[in-house]
Amino acid sequence: MDGPTKQLFNDFLEEYQSGYENELMNMIGRLKNMGNTNAAKEEYFRLDEGLDWNDLVCALFDIPEKFLRLYCIRISEQIVILGNGGPKPKYIRAWQDDPRLTKEVNEMMEYSRIIRTKLENMDFRITSDGLHLEGKNLRLI
Amino acid sequence: MSKIEKKHKATNKNLLDQMLSKITPAEQRRIDDKMNLAAAIIDALKEKGWKQKDLMEALESSSPSLISKYLSGTHNFTVDTLSDIGRVLGVNFLNFEFKDKIEVLTFSFSTHLNVVSPSSFYKKMPMAVDEEGCLQYNI
């Protein structure tokens, strides 16, 4: 397919691996635990980060005293789409106060809207085992 | 999948794999323990039909954000907190199992029998047991 593809989570790792390595490793360790053992329980996330009610946009819960935030689309306990994010120091009370975080959340809200529409139209569907999202042309951008 | 997409996928996997390999077993264990503990508390809440608000009230806390932290999989609990949460949920999160140690001690000793003349032997034989359980010899 023509054109560049965007790999949000990879971009997030690349951008923050030097300044926030410990935070990233903790995030990845937790995601590994979710994948292997406990699934993506909603309590592990800060839900309702987006502006629309039930838009599935959330953030992985911040480590105490660490200030890197990762935004996701949590479709179910078994399916989470990892996005991008950025630093959220204590003086920033909400993502709306920071241009970078605003950009990332807006992007996730847009992808979430597309996914939810495609799920409603049956262009996307969740497999019967609940583990995969499948459909024609899974590219969102 | 196009060549560009395949290349991207390989690069992504490499970076993620690199970061995964940097997590030490000790660090992953700490992460897993915190996540598993949170999951156990979440399960106990569901079992009891409680919401987070019920747990907050039972713990006599006025901080919903504190309860969220407890369930987030990131919190480093104190023993006191786990004890309190366990008490109100009726679950023991501090479940120690001590396996009983059974030590078998084997004593061996040899007995020596001094052979004495028959007359002296009979003289020293116990004839009775007194009230205190001591052997009485007829000397």
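Reader: In this predicted model, what makes Glu60(B), in the loop between α3 and α4 of chain B, count as exposed?

Author: Glu60(B) lies in the loop between α3 and α4 of chain B. Its relative accessibility is 75%, and exposed means over 50%; Glu60(B) therefore counts as exposed.

Reader: Why is Asn54(A) called partly exposed, while Asn33(A) is called buried?

Author: The relative accessibility of Asn54(A) is 43%. Buried means under 20% and exposed over 50%, with partly exposed in between, so Asn54(A) counts as partly exposed. Asn33(A), at 1% relative accessibility, falls under the 20% limit and therefore counts as buried.

Reader: Where does Asn33(A) lie, and with which residues is it in contact?

Author: Asn33(A) lies in helix α2 of chain A. Setting aside neighbours within four places in sequence, Asn33(A) is in contact with Asn38(A) and Ala39(A), and also with Asp32(B), Met35(B) and Asn36(B).

Reader: Why are α1(A) and α3(A) called roughly antiparallel?

Author: Helix α1 (residues 8–16) of chain A packs with helix α3 (residues 99–120) of chain A at an angle of about 165°, and their axes are 13 Å apart. Angles over 145 degrees count as roughly antiparallel, and α1(A) and α3(A) are therefore roughly antiparallel to each other. Their crossing is left-handed.

Reader: How is the packing of α1(A) and α2(A) described, and what is the make-up of their contact?

Author: α1(A) and helix α2 (residues 21–38) of chain A pack at an angle of about 150°, with their axes 9 Å apart. The crossing of α1(A) past α2(A) is left-handed. Phe9(A), Phe12(A), Leu13(A) and Tyr16(A) of α1(A) meet Glu21(A), Leu24(A), Met27(A), Ile28(A) and Leu31(A) of α2(A). The residues of this contact divide into 8 nonpolar, no polar and 1 charged.

Reader: How many aromatic pairs are there over all chains, and what makes the pair of Tyr16(A) and Tyr20(A) edge-to-face?

Author: The count is 4 aromatic pairs over all chains. The rings of Tyr16(A) and Tyr20(A) are 5.6 Å apart centre to centre, with 80° between the planes. Centres within 6.5 Å make a pair, and planes over 60 degrees apart count as edge-to-face, so Tyr16(A) and Tyr20(A) form an edge-to-face pair.

Reader: Are Tyr16(A) and Tyr20(A) buried or exposed, or do they lie in between?

Author: Tyr16(A) has a relative accessible area of 6%, under the 20% limit, and is therefore buried. Tyr20(A), at 24%, lies between the limits of 20% and 50% and is therefore partly exposed.

Reader: Why is the pair of Tyr70(B) and Phe77(B) called tilted?

Author: For Tyr70(B) and Phe77(B), the values are 5.4 Å centre to centre and 40° between the planes. Planes under 30 degrees apart count as stacked, over 60 as edge-to-face and the rest as tilted; the pair is therefore tilted. Both Tyr70(B) and Phe77(B) are buried.

Reader: Which residues are buried in helix α5 of chain B, and what covers them?

Author: In helix α5 (residues 79–89) of chain B, the buried residues include Thr81(B), Leu82(B), Ile85(B), Gly86(B), Val88(B) and Leu89(B). Their cover includes α2 (25–48), α3 (52–58) and α4 (64–71) of chain B. After α5(B) comes Gly90(B), with a positive phi near 70°.

Methods: Residues numbered from 1 in each chain as written. Chains lettered and ligands numbered in written order. Predicted model: local features only at pLDDT ≥ 70, side-chain atom pairs only at ≥ 80, totals over all residues. Heavy atoms only, no water. Axes fitted to C-alpha atoms, helices over the stretch in contact; angles between N-to-C directions. Helix = DSSP H or I, 4+ residues; strand = E, 2+ residues; numbered from the N terminus. Parallel < 35°, antiparallel > 145°, perpendicular 65-115°, else oblique. Left-handed = near helix turned anticlockwise from the far one by under 90°. Phe/Tyr/Trp six-rings, centres within 6.5 Å; stacked < 30°, edge-to-face > 60°. Buried < 20%, exposed > 50% of the residue type's maximum accessible area, 1.4 Å probe, protein only. Contact = heavy atoms within 4.5 Å. Nonpolar A, V, L, I, M, F, W, Y, C, P; charged D, E, K, R; others polar.
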